[in-house]
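This report concerns one protein chain and its local geometry. The structure is shown below.

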Amino acid sequence: MAAGNRFNSFIEYVNEKAVNWQTDTFVIALTNSAPSSSNSVLADITEISYTNLSSRTLTIAAASQTAGTYTATANQLTLTASGAVATFRYVVMYDSTPAGSPLVQYWDYGSAMTMQSGDTFVIGATNPFTVWTDAPA
């Protein structure tokens, strides 16, 4: 899995208690347009159509602090196509619970991908995989 790239505004969402890793719903958006770290909400992203794609909701496996470092992990998510899926290169994670759906981070897979009926795409290199780490400076 490609390295995650944080959206700048999500740091504010976390520190102003707008996000709860244990109770909020986190979802994956797919796009073929490069996100910018200055994007802040889902409306800032040009999403592909999900007509032929399985659920994009992530399951948070654990979220806790150890020795001052907060880490959230999610279970791997397998997307399954039931027909042709539009081309995408970027996988974007967002929190669908607060108004506006704040963007968390995105992964750049390096080249455009397409999916046909029966194809699968796994999000997360390990199970579970780290989606957020926050450590003191």
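## Basis of the model

This is a predicted model, in which local features need pLDDT of at least 70 and side-chain atom pairs count only at pLDDT 80 or more, while totals for chains, interfaces and linings use all residues. Residues are numbered from 1 along each chain as its sequence is written, and side-chain values use heavy atoms, with hydrogens and water left out.

## The nonpolar core

The largest nonpolar core has 39 residues, of which Trp21, Ile28, Leu30 and Met93 touch the most other members. A nonpolar core is here a set of buried Ala, Val, Leu, Ile, Met, Phe, Trp, Tyr and Cys residues joined through side-chain atoms within 4.5 Å. At least two residues of this core come from each of strand E2 (26-31), E4, E5, strand E6 (77-80), E7, E8, E9 and E10; E7 gives the most, with seven residues. Strands are DSSP runs of at least two residues, marked E and numbered from the N terminus. In soluble globular proteins, nonpolar side chains tend to be buried together.

Contact means heavy atoms within 4.5 Å. Not counting residues up to four places away in sequence, Trp21 touches Phe10, Phe26, Ile60, Ala63, Tyr70, Ala72, Met93, Val104, Val131 and Trp132.

## Asn39, a buried loop residue

Asn39 lies in the loop between E2 and strand E3 (57-58) and is buried, at a relative accessible area of 14%. The classes are buried (under 20% relative accessible area), exposed (over 50%) and partly exposed (in between), with a 1.4 Å probe and protein chains only.

Beyond residues up to four places away in sequence, Asn39 touches Phe7, Ser9, Asp44, Ile45 and Leu103. Ser9 is 30 residues from Asn39 in sequence, with a C-alpha to C-alpha distance of 7.6 Å. A polar atom of the Asn39 side chain lies 2.8 Å from the backbone nitrogen of Ser36.

## Backbone geometry in the loops

Most residues other than glycine have a negative phi, and most peptide bonds are trans. Ala67, although not a glycine, has a positive phi of about 50 degrees; Ala67 is placed in the loop between strand E4 (60-66) and strand E5 (69-74) and is exposed at 78% relative accessibility. Ser101 has a positive phi of about 55 degrees and is not a glycine either. Ser101 is found in the loop between strand E7 (85-95) and strand E8 (103-115), and is buried, with a relative accessible area of 13%.

The peptide bond from Asn127 to Pro128 is cis, its omega being near 0 degrees. Pro128 belongs to the loop between strand E9 (120-123) and strand E10 (129-134).

Methods
Helices (H or I, at least four residues) and strands (E, at least two) are DSSP runs, numbered from the N terminus. A polar contact is a pair of N or O atoms within 3.5 Å; within protein, one must be able to donate a hydrogen and the other to accept it, and residues adjacent in sequence count only if both atoms are side-chain atoms.
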